Protein chains: 2
Amino acid sequence: MPEQTSTEAAALRRRQDEFGWDGVDRLAYKQDAAAPFRNVSRQTLFSRPDLAGELRYFEIAAGGHTTLERHNHVHGVMVLRGRGRCLVGTQVDEIGELDLITIPGWTWHQFRAAADAPLGFLCLVDSVRDRPVLPAPEDIASLRAHPEVAAFLDG
Amino acid sequence: MPEQTSTEAAALRRRQDEFGWDGVDRLAYKQDAAAPFRNVSRQTLFSRPDLAGELRYFEIAAGGHTTLERHNHVHGVMVLRGRGRCLVGTQVDEIGELDLITIPGWTWHQFRAAADAPLGFLCLVDSVRDRPVLPAPEDIASLRAHPEVAAFLDG
């Protein structure tokens with residue numbers, strides 16, 4: 001082994017399998033029929049006290065989706081794997097590898113993997129950030145007033 | 001076109017070519033015989049006043065390299081394309097797609113593409129950060145005291 005330059009965590013974390021890394025836990029979200037997300041795993045790639053941002057890797061299995069939510073903090077997203085669709089505000093887009101998606105503050109958003117492919121993406125956030133808020137019934141109604149959004153929400 | 005949710009820049013920037021994006025300038029570094037870097041382009045993927053971090057994509061053409069430098073701010077790097085080597089402190093590693101590299105503050109670092117492949121990587125930094133410092137002759141001498149580092153610096 002080459003000598004380490006410091007006592008902190010290894011400078012290099014190698015890719016282990018297709019989208020997994022040395023020393024990075026893959027967290028599966030608990031889920032049940034009532035859960036607002038489905039088949040999503042999260043891996044935190046960079047998070048340090050001396051970094052103002054964090055980079056995470058989320059992967060949604062085919063047919064799964066993230067939570068419909070909004071918050072003050074911004075997301076910077078890059079798709080790394082597979083394909084699917086995203087809702088940002090009232091805009092629905094097909095997304096695929098290396099596409100970039102910006103989710104401004106307080107904008108409703110959700111990601112859905114294709115029925116036959118996973119959707120894996122990097123997500124840049126501030127280390128210090130607020131908690132997500134879930135939609136109230138009136139928010140859902142307002143979103144569903146847009147036919148394209150209603151179709152997205154219905155999967 | 002679906003309606004836009006806000007007046008700001010498009011939420012979605014599609015991948016254009018292999019590693020290029022809509023509305024993202026590709027900046028080529030000026031270079032000459034004396035330049036401390038060679039054949040490097042930079043694209044800023046996420047940089048906003050309401051994000052504390054920035055995500056950039058750097059690509060080094062085959063045989064090229066970044067500047068040997070250090071600074072207070074931290075880099076979080078993920079290789080997206082190709083292969084090469086990196087120096088972090090006095091540690092030299094072969095790196096390839098999806099490997100993660102952490103460069104702590106004030107640590108000498110340099111990236112080199114393979115002779116026959118490019119090296120493209122994402123780099124997470126704080127939006128507010130200090131300027132890099134170049135090595136003084138005594139820093140180079142100190143690094144070269146490590147045979148593996150000397151071999152790396154010689155390309």
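Q: What area is buried between chain A and chain B, and what share do carbon and sulfur atoms give?
A: Bear in mind that this is a predicted model. The buried area between chain A and chain B is about 4400 Å². Carbon and sulfur atoms give 62% of that area.

Q: How many residues of each chain are in contact?
A: Chain A brings 48 residues, and they touch 48 residues of chain B.

Q: How are two copies of a chain related in general?
A: By a rotation about an axis, plus a shift along that axis.

Q: What rotation and what shift superpose chain A on chain B here?
A: The rotation is 180 degrees and the shift along the axis is 0.0 Å, with an RMSD of 0.0 Å. This is how a two-fold axis relates its copies. In chain A, G53(A) has the C-alpha nearest the axis, at 2.3 Å.

Q: Through which surface do the copies meet?
A: Compare the interface residues of both chains. Of those in chain A, 100% are also interface residues in chain B, so the copies meet through the same surface.

Q: How many polar links run between the chains, counted as residue pairs in polar contact and as salt bridges?
A: Between chain A and chain B there are 18 residue pairs in polar contact, with both residues at pLDDT 80 or more. The salt bridges between the two chains number two. One salt bridge joins R14(A) to D99(B), with N to O at 3.1 Å.

Q: Which strands of chain A supply at least two residues each to the side that touches chain B?
A: They are β1 (12-13), β5 (38-46), β6 (53-65), β7 (75-88), β8 (91-96), β9 (100-103) and β11 (119-126). By class, this side of chain A has 24 nonpolar, nine polar and 15 charged residues.

Q: Which strand of chain B is joined to β9(A), and in which sense do they run, parallel or antiparallel?
A: The partner is β1 of chain B, residues 12-13. Two bridges join the strands, which run antiparallel. Within this pairing, L12(B) in β1(B) stands opposite I101(A).

Q: How many salt bridges are there over all chains?
A: The count is twelve. Among them is D116(A) with R83(A), whose closest N and O atoms are 3.2 Å apart. D116(A) sits in the loop between β10 (109-113) and β11 of chain A, and R83(A) in strand β7 of chain A, so the pair ties together parts 33 residues apart in sequence.

Key
Residues numbered from 1 in each chain as written. Chains lettered and ligands numbered in written order. Predicted model: local features only at pLDDT ≥ 70, side-chain atom pairs only at ≥ 80, totals over all residues. Heavy atoms only, no water. Least-squares fit on C-alpha atoms with pLDDT ≥ 70 in both. Contact = heavy atoms within 4.5 Å. Buried area = accessible area lost by both parts, 1.4 Å probe. Salt bridge = Lys/Arg side-chain N within 4 Å of Asp/Glu carboxyl O. Polar contact = N/O pair within 3.5 Å; in protein donor to acceptor, adjacent residues only side chain to side chain. Helix = DSSP H or I, 4+ residues; strand = E, 2+ residues; numbered from the N terminus. Nonpolar A, V, L, I, M, F, W, Y, C, P; charged D, E, K, R; others polar. Pairing = 2+ DSSP bridges.
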